[in-house]
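Subject: Structure for your review

Dear colleague,

Please find below the structure that I am handing over to you.

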Amino acid sequence: MSAATANNNNPLVRFKNVRKSYDGKSQVVRHLNLDIRQGEFLTLLGPSGSGKTTTLMMLAGFETPTSGTIELAGEQIDNLPPHKRNIGMVFQNYALFPHMTVQENVAFPLKVRKFDADTQQKKVKTALAMVQLDGMEKRYPAQLSGGQQQRVALARALVFEPELVLMDEPLGALDKQLREHMQLEIKRLHGELGVTVVYVTHDQDEALTMSDRVAVFHDGMVQQIGSPQDIYETPDTAFVAGFIGENNRTHGIITQAGVRQATVNLDSGMQIQGTQQLGMKVGDRVSVSIRPERIALNPAENSTDVRCQGKVREVIYLGDHVRVRLVINGDPDFVVKQPVSQVQQKITVGDTVDLGWNHEFVRLLDPIEKTAAV
């Protein structure tokens, strides 16, 4: 996908103050205002019950908003049935017709749209070649592996050349290795075709790997939307910091506040500096977030802004990196991740080691006290 396409200011899809309630009381989706750009790969990410799948189903036409409007290419589609929206759909359970061959399954959307037989054959052949299933036309779904079935479902969603493809946890039923392979395949197809993709998952790694942008859902609302790097490196809320990747979090009170940097006295008694959110002031209680990979073990002198010590509780070797859990200033679960190549000495349980980090990697966020549910 070209940068020009990704930066297109005219959204293909627009949610305007959309809400969804099934019982008239609790709202599954609330105050949703979301623009989806032409040609982008947008992932809706969040825990179960956060509203991401309901949002996708409203866009597909399988659910109707309680209030608000949804636009596709400038036209309101709230009351348009699914088959008239020209949207491709890929489900987690594949949803293939077991009594139809691969060719018949892929041709089904073309048949519904009344394409002639020759056109159907040509388009099916092209679609199967795209997903590397040439020669599988006469097989039935039961004769295919899970990965092959998912490729058929993908070909069926793309065969009629929709401008928008929706994917609801499409790789959830696959094993880890195949899932990672299919992530790259879907991303490749997106790049080649330039189709707009809206992808739902609760898998953080999947979202970071595949997306142009990620919308993080929690409690029926978008907590933050941005590039994978923005979401990971500069979370706007404690929920986002805790849900995306691993995160060290503690709490304290702001004692000094500048334009962007602030000083915090932690509950443990330690003083720390970090980047504050707009509107924070002296006296505010905040959560303090720092990623494990931003902390150095036994750093060189004067190489970090902060230097302290921790006692090692656990060391786990993970091939490319070491994960070390320590007690630091009364916090028994402070985690450091460091590439194996940068570990200068053998670290064992009970050791006291030096730690260091820079102020720029510390984020001061809302004072949520509970760990985000995954």
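Predicted model: local features only at pLDDT ≥ 70, side-chain atom pairs only at ≥ 80, totals over all residues.

Residues are numbered from 1 along each chain as its sequence is written, and side-chain values use heavy atoms, with hydrogens and water left out.

The protein has nine helices and 20 strands (DSSP runs, H or I of at least four residues for helices and E of at least two for strands, numbered from the N terminus). Of its 374 residues, 47% are buried (under 20% relative accessible area, with a 1.4 Å probe and protein chains only).

Helix α5 (residues 146–158) packs with helix α6 (residues 176–193) at an angle of about 20°, and their axes are 11 Å apart (lines fitted to C-alpha atoms over the stretch in contact, with angles from 0 to 180 degrees between N-to-C directions). That angle makes α5 roughly parallel to α6 (under 35 degrees). The contact (heavy atoms within 4.5 Å) involves G147, Q150, R151, L154 and L158 of α5, together with L178, H181, M182, E185, I186, L189 and L193 of α6.

Within α6, the buried residues are M182, Q183, E185, I186, L189 and H190. These buried residues pack against β3 (41–45), α4 (117–130), α5, β7 (164–168), β8 (196–201) and α7 (204–210).

Yours sincerely

Conventions:
Parallel < 35°, antiparallel > 145°, perpendicular 65-115°, else oblique. Buried < 20%, exposed > 50% of the residue type's maximum accessible area, 1.4 Å probe, protein only.
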